[in-house]
Amino acid sequence: MIPKYSASETESKWQRKWAADGIYHVREDESRPKWYELTMFPYTSGDLHIGHWYAMAPADAHARFKRMQGYNVLHPMGFDAFGLPAENAAISRGIHPYTWTMQNIANMRRQLERMGGCYDWNREIITCLPEYYRWTQWLFLKFYHAGLAYRDKAPVNWCPNCQTVLANEQVISEGRCERCNATVTRRAIEQWFLRITRYAEELLDSSRIEWPERINVMQRNWIGRSEGVEISFELDHPGVETKELRVFTTRPDTIFGVTFAVLAPEHPLVERLTTPDHRAEVEEYVASTQHRTEIDRLSTETEKTGVFTGAYVTNRVNGERVPLWIADYVLPSYGTGAVMAVPAHDSRDFDFARKYDLPIKVVIAPPGWQGEELQEAYVDPGTMVNSAQFDGMPSKEAWHAIADFIESNDYGTRTVSYRLRDWLISRQRYWGAPIPIVYCDQCGTVPVPEKDLPVLLPPDAEFRPTGESPLKYCDAFVNTSCPRCHGPGRRETDTMDTFICSSWYFLRYASPHYDQGPFDPQKVKYWLPVDQYTGGAEHAVMHLLYARFFVKAMRDLGLIDFDEPFTRLFNQGVIIAQRQKMSKSRGNVINPDEYVAEMGADVVRAYLMFIGPWDQGGEWDDSGIHGVKRWFNRVWHLVLQGQEINWPKQADSQEVDKELRHMTHRTIKKVTGDLERFHFNTMLAALMEFTNYLSNVASEKSASASAWREAVEALLLLLAPTAPHMSEELWSRIGNTYSIHQQPFPAWDETLAAEERITLVVQVNGKVRDKVAVPASITEAEAKEVALSQTKVKSYLEGREVLKLIYVPQKLVNVVAR
RNA sequence: GCCGAAGUGGCGGAAUAGGUAGACGCGACAGUCUCAAAAACUGUUGGGGGGCGACUCCCGUGUCGGUUCGAUCCCGACCUUCGGCACCA
């Protein structure tokens, strides 16, 4: 009688033993190749839902596979623990964010242990603990000293009623404060930035990383490199000393078509250039744009608006005097905050010119253009017209000719602009790493000395639900002495964006308890860079870009000696529920715990890998999970049943063993290839097929004992990365030595894996008409002969002339006939 | 609007290199077991037509074209869905 499989008993038994034996404990080992396989660590927002498992279980299987292949695998786990949700929970539940976060971590760790991950828990890191954020602060200081961190004024959402800064998500429709419904304005306040733009050019280069191309494309688009020319327009305004207005354009070929110029409302020249008769209108407009949020203002849906300043600038290339407007479609933070408007060849300028009745001057003739009025901006290449000496030139050539002309006359210079902005890292929040800066009336901005780190987050700060930095009201924190002059000083009360914590955590795993620096350089040298990173694509232009920036900056600081954090990247898809992404706020989270309790972690792991290609994700639907459960029961039954069969020493016939060994080695080959490329669904399909085949072998009972043994051991070893518990249990029940997870992954014999007989497909004019089993060694001439001799084929060829035969080795013969 | 990915049975999906479309699983149907049900096991299962039958023919991978001996795969146009960006001059 074969005992029933008890998943819950077996799983907890092995989990305890693995933990007690420390089989997943990782050490540096120069004798083996290292493999650093990292899954993006989870945010500590509560329970792990099925989406987390979808990210972690297949990644764990892949890491286990690499272990079995002989790599020294670092596959660590930790928690991204600072941030807004914890603080919001603290406010709404009256519980401290630390308590709430640590409770969540305890629960998530328990869930991950139940998943059966091969994590080395000795290396766990938690970003909100001082032993971690001490080094986040240390890195900030390194950046500060290198000129990569600076303070500047930046516009933020400001609620005049609450007297506080609001995050973008706190601004509700029509630009109102979510709390008091007052109209939010934009206000410039001092904020800390990291100079990521210094690395814009290097970040564009994806040649050293093997990442999905769509992620590279998203990063390139985000960085948004544009080649153009910064051009000076002549300015002669009474009482204004500045004699030029600089604009940036990517279309110098259109410069003869400029009919007006536009400043961003925030441009510093606006106030000085506005003439008295336009002042009232301009001031009103500037004020109205401040009422609009960035999001609202940037929307292409809203109609363009603007006002005339009363001032004029002169286009140096043709001496034309054009009016100067202000409009909020011009952004202060891109280029020079001013544009030359060419309505004929730019759709935004075109719309604006139409609305305010400004002239539209064609300087690039569309094909077949007869001088008629344009119905829309013509933005494509064409022939130059109305452009003096450049007339008749193709516009693409004129681009360079005019750029040269501008440069040689000192009207401007070629430049490159990026869409990427510096990274604003200040958060008016409590639950984050304090920025280690002290303000002193005598010495100004003073960095906290390294030896005084960490700047501890005071546990007893009172948070007010205002959105304003709570640390501001914590006197014990704010009041300090200046590290330089020892006079009274005030601490910076903003905290760092949590994306800073996750920009270097992968380095900390190499030496998580090191206390002489953020990491032990020797350990980092051994483990880094990450060989395989896995996680969601939603981090394409945030975390993944920031981490690349950090590594490049740290390299230039001499801290590390590699260029990219993550050599390979794989993005798993998203599991959705009720057509929406799973999240607590949507109330559609699926908790894996009940599935684990009912069917076991192995089944849940395998099911998540089986539902489809890992990079596709999909709607959560548990209707197929019983299929996996059934398969596991069949494997269990099959392996134990096989133990009770008295297998013959010699197979009944050589053919039986030959086929069994062929199927075994073919499966090993297929599974190895699929695991390598994260094709978990087809890997499991192959293992199911193998199981079905072995069931037949077990009922025939005619294979030899050794061939059966080989097949069953292969099945368990191939299954071990996916189902670590059941495979371990069966491994021990068939009398093998502990642990299956310390066994080498099976290797296949190419001769045995190769097909001996193939199905030769015979087509007539491309349609399948017959299939013939032939030896794989068949020659081209033989195959053609076999094809033509089939009676079915002959009947199709009756009365036709055979024109030619197409032969695809090992596959088919196509008879082309007329 | 721009950039990117994807459309295959009732469902999730397979087809690694332009060469057997629908592997594997779910569901459904029929059967075995059972007093019965569940579970388990066995068989059938893309659509349509013909044959008592072993079988056989036609259609079929979002739509319409094209290239090719041959297209789920390559090319062009279009439709739909999803993801990203969204006045970046």
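Me: What separates the centres of domain 3 and domain 4, taken over C-alpha atoms?

Reply: 36 Å separate these two centres. Domain bounds come from an automatic or database domain assignment. In chain A that assignment gives domain 1 (142-208 + 424-498), domain 2 (225-418), domain 3 (622-753) and domain 4 (757-817). The model is predicted: local features need pLDDT of at least 70, side-chain atom pairs count only at pLDDT 80 or more, and totals for chains, interfaces and linings use all residues. Residues are numbered from 1 along each chain as its sequence is written, chains are lettered from A and ligands numbered from 1 in the order in which they are written, and side-chain values use heavy atoms, with hydrogens and water left out.

Me: How many helices and strands does chain A have?

Reply: Chain A has 27 helices and 34 strands. Both are DSSP runs numbered from the N terminus: helices are H or I with at least four residues, strands are E with at least two. The C-alpha trace spans about 110 × 85 × 50 Å along its principal axes. Of the 818 residues, 54% count as buried. Buried means under 20% relative accessible area, exposed over 50%, and partly exposed in between (1.4 Å probe, protein chains only). Among contacts (heavy atoms within 4.5 Å) with a separation of 6 or more, 72% come from residues 24 or more positions apart.

Me: At what angle do helix 19 and helix 22 pack?

Reply: Start with the general idea. Two packed helices are described by the angle between their axes and the distance between the axes. Axes are lines fitted to C-alpha atoms, for helices over the stretch in contact, and angles run from 0 to 180 degrees between N-to-C directions. Here helix 19 (residues 601-610) and helix 22 (residues 680-700) pack at about 115°, with axes 7 Å apart. That makes helix 19 roughly perpendicular to helix 22. The classes are: under 35 degrees roughly parallel, over 145 roughly antiparallel, 65 to 115 roughly perpendicular, the rest oblique.

Me: Which residues of helix 19 and helix 22 meet?

Reply: Helix 19 brings A606, M609 and F610; helix 22 brings F680, N681, L684, A685 and M688. These contact residues divide into seven nonpolar, one polar and no charged. Ala, Val, Leu, Ile, Met, Phe, Trp, Tyr, Cys and Pro count as nonpolar, Asp, Glu, Lys and Arg as charged, and the others, Gly among them, as polar.

Me: How many salt bridges does the count come to?

Reply: Side chains of opposite charge can pair when their charged atoms come close. The rule is a side-chain nitrogen of Lys or Arg within 4 Å of a carboxyl oxygen of Asp or Glu. By this rule the count comes to 51.

Me: Which residue forms a salt bridge with R555?

Reply: E202 does, with the closest N and O atoms 2.8 Å apart. R555 lies in helix 17 (residues 543-556) and E202 in helix 6 (residues 200-203), so the pair ties together parts that are 353 residues apart in sequence. E202 is partly exposed at 25% relative accessibility.

Me: What is the N to O distance between R818 and E801?

Reply: Their salt bridge has 3.6 Å, N to O. R818 lies in the segment after strand 34 (812-817) and E801 in the loop between helix 27 (791-797) and strand 33 (802-808), so the pair ties together parts that are 17 residues apart in sequence. R818 is exposed at 62%, and E801 is partly exposed at 46%.

Me: Is H741 buried or exposed?

Reply: H741 is buried, at 4% relative accessibility. H741 sits in the loop between helix 24 (724-733) and helix 25 (750-753). Leaving aside neighbours within four places in sequence, its contacts include W18, Y24, R64 and E728.
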